[in-house]
Amino acid sequence: MQDKQRSLAGKMAIVTGAASGIGAGIARLLAAHGCRVVIADVDKVEGRRIAEEFDGNGYFCHLDVTSEDSWLALMSEVNRHWGAVDILVNNAGIGSAESIEEVSLDVWHQILAVNTTGVFLGCRCAIQSMKNSGGGSIINISSALGLRPLSSTPAYGASKAAVVNLTKTTALQCAEKGYQIRCNAINPGFIMTPLLENAMAAAEDPDALLKGYSDLHPMGCVGSIDDVAQAALFLAGDESQFITGIALPVDGGMTI
Ligand code: NAP
């Protein structure tokens, strides 16, 4: 383990939406750096499978991020099992690609419920736990589309822009109260996850689809799960101890 990441050894992290994609990547990297990791997800089968990869340092808990009761049950179960939370990664999120003229009110509510309300509930639960246990780090996975909108994703973009603002207000509240809790957002560009892989597998011309996504990024390619996980690792540990309230683009220049 490198010196700079020693601060994470023995810490306890909750990663929401960690049964798949970016969340699973963040969970794996935190576990590789000595964290005990709670995989919190609606997907029990994949969630348990990922948790088992970490032997005794992985634990699956069912969580629907949209439900306050589900959050309270998670925090109480985790507290009984492992004690206080040091790191929360609010990663669970869902997408939609319908323009403002097409998107239904039901879809709008669903996207906001998971992507924004889920992060709000997570931040509130984490503050409650961390402020009594010496502090911690909250990391919210927003999106480049929360900083630079596309006309095809109004609900998703609005939900992720709200996460940036919520991150800053959470960071300010914790700093003003002297809680020793930092809160930061990561804004990934398009990332090669199962979602994108499946879209390519289903496309008539997968290369053209990938080129379309790649061309949105000045660096000319989409990102990897590890690109996002490395940013989360940095924001989780003491190396970023004077950083709070930022929205960190990991996007190959997409938001320049
Ligand atoms: P993913 O592979 O679809 O994984 C998301 C996970 O969250 C899945 O296991 C999903 O379970 C779970 N989930 C969905 N609704 C939930 C809920 N209500 N409560 C708890 N868990 C729930 O997604 P991803 O591509 O890794 O994206 C992860 C995060 O990064 C999201 O916030 C996304 O908006 C953000 N992001 C992704 C990209 C990208 O290009 N992939 C770019 C920018 C930002 P089910 O599969 O059972 O629904």
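How many Å separate the centres of domain 1 and domain 2, taken over C-alpha atoms? The separation is 25 Å. The model discussed here is predicted.

## Domain layout

The chain is divided into two parts. Domain 1 is made up of residues 4-188 together with 223-244, and domain 2 covers residues 191-222.

## Interface between the domains

Where the domains meet, 10 residues of domain 1 are in contact with 7 residues of domain 2. The size of an interface is often given as the accessible area lost when the parts come together. Between domain 1 and domain 2 the buried area is about 580 Å², and carbon and sulfur atoms give 68% of that area. On the domain 1 side, Arg148, Gly223 and Ile225 supply 59% of the area buried against domain 2, more than any other three residues.

Polar pairing across this boundary comes to 1 residue pair in polar contact, with both residues at pLDDT 80 or more, and the salt bridge count between domain 1 and domain 2 is 0. Helix 1 (21-32) and helix 8 (225-236) are the elements that give two or more residues to the side of domain 1 that touches domain 2. By residue class, that side of domain 1 divides into 5 nonpolar, 4 polar and 1 charged.

Thr153 lies in the loop between strand 5 (136-141) and helix 5. Its relative accessible area is 9%, under the 20% cut-off, so Thr153 counts as buried. Leaving aside neighbours within four places in sequence, Thr153 is in contact with Ser96, Ala97 and Leu145.

Ser129 belongs to helix 4 (residues 105-130). Is Ser129 buried or exposed? Ser129 is buried, because its relative accessibility of 18% falls under 20%. When residues up to four places away in sequence are not counted, Ser129 touches Met75 and Val85.

## A partly exposed position: Ala158

Ala158 is found in helix 5, which spans residues 154-177. With a relative accessible area of 31%, Ala158 is partly exposed, because this value lies between the 20% and 50% cut-offs.

Ala158 can also be placed relative to Thr116. These two residues are 42 residues apart along the chain, and their C-alpha atoms are separated by 9.0 Å.

Conventions. Residues numbered from 1 in each chain as written. Predicted model: local features only at pLDDT ≥ 70, side-chain atom pairs only at ≥ 80, totals over all residues. Heavy atoms only, no water. Domains from an automatic or database assignment. Contact = heavy atoms within 4.5 Å. Buried area = accessible area lost by both parts, 1.4 Å probe. Salt bridge = Lys/Arg side-chain N within 4 Å of Asp/Glu carboxyl O. Polar contact = N/O pair within 3.5 Å; in protein donor to acceptor, adjacent residues only side chain to side chain. Helix = DSSP H or I, 4+ residues; strand = E, 2+ residues; numbered from the N terminus. Nonpolar A, V, L, I, M, F, W, Y, C, P; charged D, E, K, R; others polar. Buried < 20%, exposed > 50% of the residue type's maximum accessible area, 1.4 Å probe, protein only.
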